[in-house]
Number of protein chains: 2
Amino acid sequence: MTMNKQWVLASRPTGEPTPENWRLVESPVPPLADGQVLVRHHFLSLDPYMRGRMNEGRSYAQPQPLDAVMIGGTVGEVIESRHEKFAAGDHVVGMGGWQQYAVVDGGAAGMLRKVDTTRVPMSAYLGTVGMPGVTAWVGLTEIIAPKAGETVVVSAASGAVGGVVGQLAKARGCRAVGIAGGRDKCTYVVDELGFDACIDYKAHPDAKSLNAALKAAAPQGIDGYFENVGGRILDAVMLRMNAFGRIAFCGMIAGYNGEPIPMANPSLILVSRLKLQGFIVSEHMPLWPKALDELGAGVATRRLKYRETVAAGIESAPEAFLGLLKGRNFGKQLVKLT
Amino acid sequence: MTMNKQWVLASRPTGEPTPENWRLVESPVPPLADGQVLVRHHFLSLDPYMRGRMNEGRSYAQPQPLDAVMIGGTVGEVIESRHEKFAAGDHVVGMGGWQQYAVVDGGAAGMLRKVDTTRVPMSAYLGTVGMPGVTAWVGLTEIIAPKAGETVVVSAASGAVGGVVGQLAKARGCRAVGIAGGRDKCTYVVDELGFDACIDYKAHPDAKSLNAALKAAAPQGIDGYFENVGGRILDAVMLRMNAFGRIAFCGMIAGYNGEPIPMANPSLILVSRLKLQGFIVSEHMPLWPKALDELGAGVATRRLKYRETVAAGIESAPEAFLGLLKGRNFGKQLVKLT
């Protein structure tokens, strides 16, 4: 009998989450019913949106239920199938959650998707060729819609989403400017990912210094901003936005822990005729195939670069997730489950 | 010799403007050169955007120069013309400024426009069938783009822009909710302009009370918001916005006097997938003819209603303008110059 280790949400955080918010449970994998597929997870994806799901309050999605397996994207291999669309040995992406195995209804729309791992590594389907990559693609092409010659800024630039935003912007003839925490991340963003510049926000703890750094990195002003963090970085970027600039709101980690963080000067929306738009990638399903085509080709040909931080074993998931929220990861944060 | 009284900007305000920021001067109307037109102004329009022009700082427009005639929309009658397109007796709209007469280059694009006053009163070309009306039309149709059955909220609802926003929204099958200062204004917004509801923000000085009033007035949530004021009203409306709501930023009087007023909870942009967009009506010139068609027809047939507050004489312009900034006007603020 195969045993399955699972992390369930034990309690909701008050302020910063702690490891005690989760509980590790173990139970046998049940036998398959007709139409079901058993997947062994190779990788679990850890993503900032999970922090929002831990809260009870109003958000764009249902809260993660207590005592249920924590939500999460997974990639793995079909071990056993009682659905005609899948066979043992298939590599599949799904929302399997924080657990080693998942029993999935093979016929449910969008639950399980076969992927080709001959030219794209399995783990990339959780990153550049998965939800984070499509998030970058949708925010950049649909909301920022940059023209060649414009300047695009992205925060959390060394992360799974931000790194793709800048590389796609470069491919469209833009100046790409990253914002990241620490010199190592900035070096990576410029030297490996090919951004034109990267600002280490930790080296600019005050507004005046951060504003000056942005002015130096984006001397023609900013036309598009891909917002991953909120707070003082958003305030600084808004001051440098050109007329008719576009800001795609993808994540606001800075505000996840309860206290809303204000926007200092919303009158700039009028003064600079800005467009600010929030989006959730799962609400743009018709765009996924086109996005995945470009992203998959980019990874297969090694034009699109990325890094991964891989934690070992299901047991490590909570600590790895808390590290992600603090920016301790470098590139896409994964947990290897095999 | 005809004398012309003019208000020039004497100094820039520090904080709230005062009458001393302007200086009244008088000088003879110069003789016309070839191609010029002499207009006697019947009405001067006073509008919130003028407050922004008094500042030196970065804005969407050049600051009003010191010691020059204060900018302003005007409607009047051609007294003498040395341009073939205009004849004495023509009624014309222009940007004649805070003065009794203007000498205008008849050939300059967009400087002077003949208007038909047989079915539309002359003053309406400064209000519902002029810049404020087109502002309402552009923000509503281009940014909010409401569908029948949706709820549209507008602040400064009894004003020249806000009153049109709500009436146009009603004509498109929406629920129209106004926000205005005082019971009289709210009664007017509902009983005369035909809004479904109006909230007197002065009766709701705290956030909790204002939120409850919004919930009662917009029980299905808010799909579109036409933003004229900023500050705590914006914060309250954002909390009630439905997913995929649109906010058109037209004016933010609350922040004109120097200190930027923060937006309390920008993470709602992401949570509710909102679109916030600032716009300036003069940057949407291709839309004016279509807008003016609907607005002119609405006034001519008395379907579109409005009120005016008319100050008497050029001398009254500064006090009337300061009153406008404090919300003392009722509907469109004009100065009658004849």
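Q: What order do the strands take in the open sheet with 12 strands?
A: In this predicted model, the strands of the open sheet follow the order β10(A)-β9(A)-β8(A)-β11(A)-β12(A)-β13(A)-β13(B)-β12(B)-β11(B)-β8(B)-β9(B)-β10(B), and their pairing is mixed.

Q: Which strands stand at the edges?
A: Those are β10 (197–200) of chain A and β10 (197–200) of chain B, each of which has a single partner strand, so one side of each is left without a neighbour in the sheet.

Q: And how much is the twist from one strand to the next?
A: The twist averages 15° from each strand to the next one.

Q: Where chain A meets chain B in that sheet, how many bridges join β13 of chain A to β13(B)?
A: There are 3 bridges between strand β13 (residues 275–278) of chain A and β13(B), and the two strands run antiparallel. Within this pairing, A:Lys275 stands opposite B:Gln277 in β13(B).

Q: What holds paired strands together in general?
A: Strands of a sheet pair through backbone hydrogen bonds, and they can do so either parallel or antiparallel.

Q: Are β11 and β12 of chain A parallel or antiparallel?
A: Strand β11 (residues 222–227) of chain A pairs in the parallel sense with strand β12 (residues 241–249) of chain A, over 5 bridges. As one example, A:Ile222 has A:Met241 in β12(A) as its bridge partner.

Q: Back to the two chains, how many residues are in contact?
A: The contact involves 26 residues of chain B and 26 residues of chain A. On the side of chain B that touches chain A, α7 (267–271) and β13 (275–278) of chain B each supply at least two residues, and that side divides into 15 nonpolar, 8 polar and 3 charged residues.

Q: Changing topic, which domains is chain A divided into?
A: Chain A has domain 1 (3–127 + 306–336) and domain 2 (131–282), with 28 Å separating their centres, taken over C-alpha atoms. Their contact takes 16 residues from domain 1 of chain A and 16 residues from domain 2 of chain A, and the side of domain 1 that touches domain 2 has 5 nonpolar, 6 polar and 5 charged residues.

Q: What about helices in chain B, where does α4 lie?
A: Helix α4 (residues 183–192) of chain B lies across β9 (175–180) and β10 of chain B, running at about 170° to β10(B).

Q: Why is α6 of chain B largely enclosed?
A: Helix α6 (residues 232–239) of chain B has 6 of its 8 residues buried, so the helix is largely enclosed by the rest of the structure. Among the buried residues of α6(B) are B:Ile233, B:Leu234 and B:Asp235.

Q: And what do they pack against?
A: The buried residues of α6(B) pack against β8 (151–155), β9, α5 (207–217), β11 (222–227), β12 (241–249) and α7 of chain B.

Notes: Residues are numbered from 1 along each chain as its sequence is written. Chains are lettered from A and ligands numbered from 1 in the order in which they are written. This is a predicted model: local features need pLDDT of at least 70, side-chain atom pairs count only at pLDDT 80 or more; totals for chains, interfaces and linings use all residues. Two residues are in contact if their C-beta atoms, placed from the backbone, lie within 7 Å. Helices (H or I, at least four residues) and strands (E, at least two) are DSSP runs, numbered from the N terminus. Ala, Val, Leu, Ile, Met, Phe, Trp, Tyr, Cys and Pro count as nonpolar, Asp, Glu, Lys and Arg as charged, and the others, Gly among them, as polar. Two strands pair if DSSP finds at least two bridges between them. Domain bounds come from an automatic or database domain assignment. Axes are lines fitted to C-alpha atoms, for helices over the stretch in contact, and angles run from 0 to 180 degrees between N-to-C directions. A residue is buried if 20 or more other C-beta atoms lie within 10 Å of its own, exposed if 12 or fewer, and partly exposed in between; C-beta atoms are placed from the backbone.
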